[in-house]
Amino acid sequence: MRVYVPLTLPGLAEAHQTGRLGTGPFVAYAVTPALREWYVSEDTEELEYAALGRAALASLRLLAADAGAARRRVVVAADVPDGAAAPDPERGPDAAEPGEVTVNVSVPLGKAAAVHVDAGDAEADVAAAAGALQAADGGDGDAQSVVEAAEDHELLWYATQEVPNLVGSA
């Protein structure tokens, strides 16, 4: 199963240093029945892109909680064994976080398929979105527009061999 792990650049640096994305349990995002219902598509690539987007939003939440982190969203795509990640059985298709799964195994960074990171020119929008996130969650339309502006930035794709350069730029 492909999972999308939300991080920050300091979190990616820690994963690079330890060689692990997480030791389980930790939260990631994947194509789940709830995500399929929320996104209303059967196209696998579209669903994976939606899961990546949910992880990018979770990365933004991590940034909102860490004022010292560079204002760039980070998502690591990794493959885990079937059954190693599962949605919370208490959540139905109306879950607040469609696609959220709990990964219950240790995942070596070497199992990562790719790393997705904002370009430097997204930093101002991502910083504004991190600051507006709480108000957006509360229903403030202007704040939601600020968050959407950050979501308009496509995450860049990096090979795992580029992680040392990415964390060096943090």
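Where does E42 lie? E42 sits in the loop between helix 2 (33–39) and helix 3. Helices here are DSSP runs of H or I with at least four residues, strands are runs of E with at least two, and both are numbered from the N terminus.

This is a predicted model, in which local features need pLDDT of at least 70, side-chain atom pairs count only at pLDDT 80 or more, and totals for chains, interfaces and linings use all residues. Residues are numbered from 1 along each chain as its sequence is written, and side-chain values use heavy atoms, with hydrogens and water left out.

## E42 and its surroundings

E42 counts as exposed, at 65% relative accessibility. Buried means under 20% relative accessible area, exposed means over 50%, and partly exposed lies in between (1.4 Å probe, protein chains only). Leaving aside residues up to four places away in sequence, E42 touches R36 and L47. Contact means heavy atoms within 4.5 Å. With R36, E42 also forms a salt bridge. R36 is partly exposed, at 33% relative accessibility. Between E42 and V76 the sequence separation is 34 residues, and their C-alpha atoms are 23 Å apart.

## Salt bridges

How many salt bridges does a search of the whole structure find? The search finds 4. The term covers a side-chain nitrogen of Lys or Arg within 4 Å of a carboxyl oxygen of Asp or Glu. The table gives examples.

| Pair | N to O distance |
|---|---|
| R2 and D79 | 2.7 Å |
| E42 and R36 | 3.6 Å |
| R73 and D118 | 2.7 Å |

Take the salt bridge between R2 and D79. R2 lies in strand 1 (residues 2–7) and D79 in strand 4 (residues 74–79), so the pair ties together parts that are 77 residues apart in sequence. R2 is partly exposed, with a relative accessible area of 30%. D79 is partly exposed too, at 35%.

R73 and D118 also meet through their side chains in a salt bridge. R73 lies in the loop between helix 3 (44–65) and strand 4, and D118 in the loop between strand 8 (112–117) and helix 4, so this pair ties together parts that are 45 residues apart in sequence. Are these two residues buried or exposed? R73 is buried, and so is D118.

A113 lies in strand 8. A113 is partly exposed, at 33% relative accessibility. Its contacts, not counting residues up to four places away in sequence, are R2, A77, A78, D79, W157 and T160. A113 and Y158 are 45 residues apart in sequence, with 9.3 Å between their C-alpha atoms.

G110 is placed in the loop between strand 7 (107–108) and strand 8. At 74% relative accessibility, G110 counts as exposed. From G110 to R54, 56 residues along the chain, the C-alpha separation is 23 Å.

T8 is in the loop between strand 1 and helix 1 (9–18). T8 counts as buried, at 8% relative accessibility. T8 touches L62, L63, A69 and V74, not counting residues up to four places away in sequence.

G53 has its place in helix 3. G53 is partly exposed, with a relative accessible area of 36%. Along the chain, G53 and L155 are 102 residues apart, yet their C-alpha atoms are separated by 9.2 Å.

## The negative patch

Which residues form a negative surface patch? They are D121, E123, D125, E148, E151, D152 and E154. Patches are made of residues with over 30% relative accessible area and no salt bridge, with like charges joined within 9 Å and nonpolar side chains (Val, Leu, Ile, Met, Phe, Trp, Tyr) within 5 Å. Asp and Glu count as negative. The place of a charge is taken as CG of Asp or CD of Glu. Accessible areas come from the Shrake-Rupley method with a 1.4 Å probe.

Helix 4 (123–137) and helix 5 (141–151) each supply at least two residues of the negative patch. E148, one of the patch residues, is in helix 5. E148 counts as partly exposed, at 44% relative accessibility.
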